[in-house]
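I wrote down each item as I came to it.

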Amino acid sequence: MKSLTLSAWLPLAVLGLGLASALAATSGHEGDAPPETPGAVADPNLLLPGARDVPNPATPRACRDRRAALAAALGDGLFLAHAGADGDGRFEADDDFYWLTGLHRSGAKLLLAAEGGELVRDELYLPVQSPRQRTWNGPKLSPEDFGDGSPYSAVLSVEELDLDALGEAAGERGVHAVDDEAISELVASEIEVKRGRTALNTLQAVKTTAELAALETAVDITQAAIADAIVIAVPGAWEFQAEAAVESGFRRRGAEFLAFSTICGSGPNSCYLHYRENNRQLKSGDVLLMDVGAKYEGYSADVTRTIPVDGTFTPRQREIYDLVWEAQQLAEAKLRPGTTMRELHEAVVAFFDEHEVRQHFKHGLGHQLGIRVHDVPGFRGVLTEGMVVTIEPGLYLLDEELGVRIEDDFVVTSDGSRRLSDSVPSAPDALEAYIARLRSR
Ligand SMILES: [Mn+2]
């Protein structure tokens, strides 16, 4: 089991009771048996400053090592990455740019040069703020912020990026890029673009200990927020109230961003895979499907729970839920180094076929998880220790207004896997008991 401080926790803020005295912390440590009673929710103060020490995996040194590893993967070549342009909200840099720099700085660019597998140049280009921009937006990272001991070979203003010189240096070899903005800039400058995805995938698929700690924290925050939503998602409540509970649950526990748009679909909406409106009122007899994920220190969670809003499944809901749960158990048992997501998918398809519900399973069984919710894009290979994947079977019966998906996050271990998202139960009896326990306080 993972080491975590768990506390029996009542989401008081959601209930509006305003009491904080109900926190009864119990501590778990390595080697402990799993908690007997399902329902221990991660501490509501999980990520408030000082509450829990989860070091940011994107330290300047770690990012320097990542740039060196990318140079080794490229051998000889150039790589250009853009952070992306500012929008109205809090700025989130492109995932790969962030992975290489640890910086959320709008308008920034990174240029790497590799020779014989060595990183010979890593230049960071930053926009220079005008006094007016500084007045409106507050100070942002500038070249002057880097002095001696900078982890880059040079930190310059973006105006100093010389695309003509870059084009000449690149010649027919071209420049590697993965993000749309860098690709557009290269195309506009008539510089040959080389795809860099394969090299990055090789480096990003297996998570370091620090990356895994951040990812597990994102998962813990996500589960705690699902518990918040379970409390309020009773008949008569609205889908957007569940959404609000989830998203405020993320943010007040320190998550910077959503890993993806929150899905809270009840009744017929539980059947639409990417339902985003979240504007229907919950009725007695509905299920509510919540597919949600926080992003913490650059790492994404992706967890789905389907709950009966009344607290107990109807016999028919239970029948479908049991099949989805058994399918997930079956895939989990097969998850180990050496297998592929395709093999797991086919095993689940065969199981659903046997039970004559194959036609209601409409998507892939899972995907890799990491700096993005569908991480290591395009990866179809063999799973190895340290990779993180989701397993998310689902059955969608629109005629019956009944969609069920159960999604959990797993890290592949040396001889199997470890479920990261185990504090909100997904086994049907345990889930019902958990709902009752959350709502009874
Ligand atoms: Mn997913």
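Entry on the sheet. I looked up the strand order and found 3 strands forming an open sheet, β11-β12-β15, with antiparallel pairing; strands (E, at least two residues) and helices (H or I, at least four) are DSSP runs numbered from the N terminus, and two strands pair if DSSP finds at least two bridges between them. I noted β11 (263-266) and β15 (303-308) as the edge strands, each of which pairs on one side only. On average, neighbouring strands of this sheet are turned by 10 degrees against each other, direction ignored.

This is a predicted model, in which local features need pLDDT of at least 70 and side-chain atom pairs count only at pLDDT 80 or more, while totals for chains, interfaces and linings use all residues. Residues are numbered from 1 along each chain as its sequence is written.

Entry on the pairings. I found that β11 and β12 (residues 287-292) run antiparallel and are joined by 4 bridges, with G265 opposite L289 in β12. β12 and β15 also pair in the antiparallel sense, over 6 bridges, and here D291 stands opposite T304 in β15.

Entry on β15. I checked burial, where a residue is buried if 20 or more other C-beta atoms lie within 10 Å of its own, exposed if 12 or fewer, and partly exposed in between, with C-beta atoms placed from the backbone. Of the 6 residues of β15, 6 are buried, so this strand is largely enclosed by the rest of the structure. V303, R305 and I307 point one way from β15, whereas T304, T306 and P308 point the other way. In a regular strand the side chains alternate between the two faces of the sheet.

Entry on α8. I looked for what packs on the sheet and found helix α8 (residues 209-232), which touches β12 and β15 and whose direction makes about 20 degrees with that of β15; contact requires C-beta atoms, placed from the backbone, within 7 Å. The axes of α8 and helix α9 (residues 239-252) come within 8 Å and cross at roughly 145 degrees, the axes being lines fitted to C-alpha atoms over the stretch in contact, with angles from 0 to 180 degrees between N-to-C directions. I recorded that the contact includes I221, A224 and A225 of α8 and Q241, A242 and A245 of α9.

Entry on α11. How far apart are the end C-alpha atoms of helix α11 (residues 341-354)? They are 20 Å apart, which agrees with the 20 Å that 14 residues should span at 1.5 Å a residue, the expected span being 1.5 Å times one less than the number of residues. I listed M341, L344, V348 and F352 as the buried residues of α11. They cover an arc of only 75 degrees around the axis, which puts them on the same side of α11; the arc is that of the directions from the helix axis to the C-beta atoms. What covers these buried residues includes α10 (315-334) and β16 (388-391), while the face turned away carries the exposed R342, E346, A350, D353 and E354.

Entry on phi. Most residues other than glycine have a negative phi. E297 has a positive phi of about 50 degrees, lies in the loop between β13 (294-296) and β14 (299-300), and is buried, with 22 other C-beta atoms within 10 Å. E401 has a positive phi of about 50 degrees and is found in the loop between β17 (394-397) and β18 (402-405), but with 16 C-beta neighbours inside 10 Å E401 counts as partly exposed.

Conventions: Two residues are in contact if their C-beta atoms, placed from the backbone, lie within 7 Å.
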